[in-house]
Amino acid sequence: MGLARQLAEKLAEMHYDDLPATAVEASRIAIEDTLGCMLAGSREPAAAIVAATVAGNDGPCVIAGTGRRAGTLDAALINGTAAHALDFDNGSNSMGGHVSATMVPALLAAADAFGASGRDLVLAHTAGFEVGTRIGLGLNFHHYEKGWHPTSTLGIFAVIGACAKLLRLSVDQTATALAIGTSLASGIKANFGSMTKPMHVGHCARNGLFAVLLARGGYTAGAQAFEHKQGFFEVYNGKGNYDAGRILEHWSSPLQILQPGAGYKQYPCCAATHAALDAVLKIVRAQGGRIAPDRIRSVETWTPARRLAHTDRPDPVSNLDAKFSVQYCVSRALIDGRIGVEHFEGDAWQDPALRRLMACVHSATHRPGQFAADNHFGAEVRITLVDGTVLGERVDIQLGRTADNPIPPAQLRAKFLECAARALPVPQTVALAACLDALTDVVTLKELTRLLQALEKPEKNDLKQGVMT
């Protein structure tokens, strides 16, 4: 029996009534966080350009943050791109990437087109999270370090598992959809710091839902698409660089959405910068909330090699590039005492005072013995002032990275409301939050998706210019 079939059978055994209450709440929080990021991201050029390019016709599915609708696959693509446009959405240590942002846009598009309830959404999210992250356990971290973007190359299987569950595919159909997905997986890390990275998520959401709809319609695929000698494992990772046995081992015991859980972000930038940001902001708070740049002689940061590989960017060339620059992020936190969405907008990345400070930042990988050998998250920051004073702080793992060190619920709700308000009137964001609080009682998800729509339809000319109003 091929892995696709085995996964399909595992998915068939998952039922809403069997989910622990903690898993239901964990998925509800993940869905809420994703919708906030999606709404805020709907205003970003990355999402607007995709919308202007592909959404030529009306359809049954909401395009979040706008007054427009689109076809099922186009909506998944546009909303998926928006959900990751700010790089503010949740992730998974097991998968080595973002998970909910790939699934939720596809699930909402499927729900708008074919119908589903709030409970259907929660179950589908939980099931998809399990599939995508457990495939990650079998392939990482060779897959991640090789240069694949697991958010899209592995996230597609999360989308397929979730959408197959939502649309009640049979075991045979689900296995076929997963096999189709092995030919639709794509995304490389060389495109980090550009609009193409969030487009990976939109493409993944679209392709995962596409695979499910094809299988639902009777499409065929290779039963051994994962383990074949020219299948997914061998082609993407290579012989000896994966452990397929880990994928099904301890399935749902515990559920991945519970342990290690989803990782949430306090800052709208690459998660690989967040431990350093936690450290530098501890220093800043101890100094009264800000350190004047002219007081600083030098700044040293230490980041895990796996994460510095794509965040060592001392000279970012755009706001998106700055999201992946530990030098920029640390400098911005020192100057402003915080880091928010506005720090990656306009010409923020070109701020002369910030650029001068960035020139004083030296970033390196962990020194031997500085952190435990298996610590791939910790960071240390040391600031030397012009008077010779040395200020230092270290963080073993950033707040929110796992379920063991969660961001407080009130802080996550504040994040959601702030993000949603970038696209919707405040009363509508409050109504949306109330709907999400009662998600498992929602009979039809159209009650939810209608609250994602802006009141006014954007002008066509604005869309053509890649600006969504």
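**Close-up 1. Residues of H4 meet residues of H5 in this predicted model.** On the H4 side, the contact residues are Thr72, Ala75, Ala76, Asn79, Gly80 and Ala83. On the H5 side, they are Ala101, Pro105, Ala106, Ala109, Ala110 and Ala113. By class, the contact of H4 with H5 holds nine nonpolar and three polar residues, and no charged ones.

**Close-up 2. Helices H4 and H5 cross at roughly 150°.** H4 spans residues 72–84, and H5 spans residues 100–114. Their axes come within 8 Å. Angles over 145 degrees count as roughly antiparallel. H4 and H5 are therefore roughly antiparallel to each other. The crossing of H4 past H5 is right-handed.

**Close-up 3. Helices H1 and H10 pack at an angle of about 130°.** H1 covers residues 3–12, and H10 covers residues 171–181. The two axes lie 8 Å apart. H1 and H10 are therefore oblique to each other. Their crossing is right-handed. H1 contributes Ala4, Arg5, Leu7, Ala8, Glu9, Leu11 and Ala12 to the contact. H10 contributes Val171, Asp172, Thr174, Ala175, Leu178 and Ala179. Sorted by class, the contact of H1 with H10 has nine nonpolar residues, one polar and three charged.

**Close-up 4. Four strands form an open sheet.** The strand order is S6-S5-S7-S8, with mixed pairing. Strand S6 (361–365) and strand S8 (390–395) stand at the edges. Each edge strand has a single partner strand, so one side of each is left without a neighbour in the sheet. On average, neighbouring strands are turned by 15° against each other, direction ignored.

**Close-up 5. Strands S7 and S8 pair in the antiparallel sense.** S7 runs over residues 379–385. Its pairing with S8 extends over six bridges. Val381 stands opposite Glu393 of S8.

Technical notes. Residues numbered from 1 in each chain as written. Predicted model: local features only at pLDDT ≥ 70, side-chain atom pairs only at ≥ 80, totals over all residues. Heavy atoms only, no water. Axes fitted to C-alpha atoms, helices over the stretch in contact; angles between N-to-C directions. Helix = DSSP H or I, 4+ residues; strand = E, 2+ residues; numbered from the N terminus. Parallel < 35°, antiparallel > 145°, perpendicular 65-115°, else oblique. Left-handed = near helix turned anticlockwise from the far one by under 90°. Contact = heavy atoms within 4.5 Å. Nonpolar A, V, L, I, M, F, W, Y, C, P; charged D, E, K, R; others polar. Pairing = 2+ DSSP bridges.
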